[in-house]
Amino acid sequence: MTEKKRQIRGVILTLTGGAAWGFSGTCGQYIFANSQMESGMLAAIRMLGAGMILLLLTIFTKKQETFCIWKHPAEAVRLVIFAIGGLMFSQFAYLTAISYSNSGTATVFQNTGIILVMILSCIFARRLPRGGEVAAAILTLIGVVLLATHGRLDGLVISGDALTWGGLAALALTTYTLLPGDLLRKWGTPLVNGFAMLIGGVVMAGSFRIWEKSWDFDLPIILALLAMVVLGTVIAFSFYLQGVSDIGPVKASMLACIEPVVATIVSALWLGTEFAPIDLCGFALIIGGCLLVSLSEGGDEKKQGYERRKRRYI
């Protein structure tokens, strides 16, 4: 394959993966609007389904290595902590934010966690933020204020629950990014996330006793569930990683910012969600802040930052 064709393939696959993530979030919004399913049950089903698929793929490709991580007690403990405090927290907070708002707003709020990661990275590295990082934080803060207040500081235009869970989704993105440490580099993202999904799904299923809930879903709800598990997890993840391989992490990460755009457009066209112009302005400011953080990272730190974005989307 020529370099030009590889670049074209990388762009197409990355955009497709980002669009799949955005569509997946809107499927969650559809499920909440058309069934009695709670966010805990939806998170459990998604994690269990995605975890089993990822682990099956890992067994087929790296059968002998699949369960070796459990022979290392310290890393096994870290995996469990990541599964519950990182991945499970992230999935539950994000889906709950969707249930109180919509997929576009929840996705944008979650992406503000990139700013929290940047701030913590500066603290850990004992350095001041760079100019681009400061600008990114300011843009993101203004964007959040616009979404929450529409510029009127005397009250909120979104519910307190939506704002709270949007903030928790951002915090969850931060814990999801920082908790795994070097597990992903040593054992591989599919294996670590597969086990983490399965562990988190089991804990969530037990916490919400999903076997006692109604499972009488009609066909559209079942299709939406399948889309979240297969399209929004396994396929999107695979496409994005191939895109990173073809065009590099910088371009891929920036193209993946199509996710909140797609979530917003699909939510509006499919579910009739209404967004005011000032909402779209807030979205643009937050996405711009995320892009600035990406552009401000350099050298090895840049590569690590984009590895974090890959992990977030599982």
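# Reading a predicted helical model

R209 has its place in the loop between α9 (189-208) and α10 (219-247), where helices (H or I, at least four residues) and strands (E, at least two) are DSSP runs, numbered from the N terminus. The model is predicted, so local features need pLDDT of at least 70 and side-chain atom pairs count only at pLDDT 80 or more, while totals for chains, interfaces and linings use all residues. Residues are numbered from 1 along each chain as its sequence is written, and side-chain values use heavy atoms, with hydrogens and water left out.

Q: Why is R209 called partly exposed?
A: Buried means under 20% relative accessible area, exposed over 50%, and partly exposed in between (1.4 Å probe, protein chains only). R209 has a relative accessibility of 41%, so it counts as partly exposed.

Q: How many helices and how many strands are in the protein chain?
A: The protein chain has 14 helices and zero strands, and read along the sequence its pattern is α-α-α-α-α-α-α-α-α-α-α-α-α-α.

Q: Why is the protein chain called as compact as a globular protein of that length?
A: The radius of gyration, taken over C-alpha atoms, is set against the globule rule, which is 2.2 Å times the number of residues to the power 0.38. For 314 residues the rule gives 20 Å, and the protein chain has 19 Å, which is close to that value, so the chain is as compact as a globular protein of that length. Along its principal axes the C-alpha trace spans about 60 × 50 × 40 Å, and 51% of the 314 residues count as buried.

Q: How do you know that there are zero disulfides in the whole structure?
A: A disulfide is a pair of cysteine sulfur atoms within 2.5 Å, and a search of the whole structure finds zero of them. C281, for instance, is in no disulfide, since the nearest cysteine sulfur, that of C290, is 15 Å away.

Q: Is C281 buried or partly exposed, and what of C290?
A: C281 has a relative accessible area of 38% and is partly exposed, whereas C290, at 3% relative accessibility, counts as buried.

Q: What makes T26 a buried residue, and which residues does it touch?
A: T26, placed in helix α1 (residues 3-34), has 0% relative accessibility, and because this is under 20% it counts as buried. Contact means heavy atoms within 4.5 Å, and, not counting residues up to four places away in sequence, T26 touches S103, A263, V266, S267, W270 and L271.

Q: Why is L178 called partly exposed, and which residues is it in contact with?
A: L178 is in helix α7 (residues 160-178), and its relative accessibility of 31% lies between 20% and 50%, so it counts as partly exposed. Leaving aside neighbours within four places in sequence, L178 is in contact with R78, L120 and F124.
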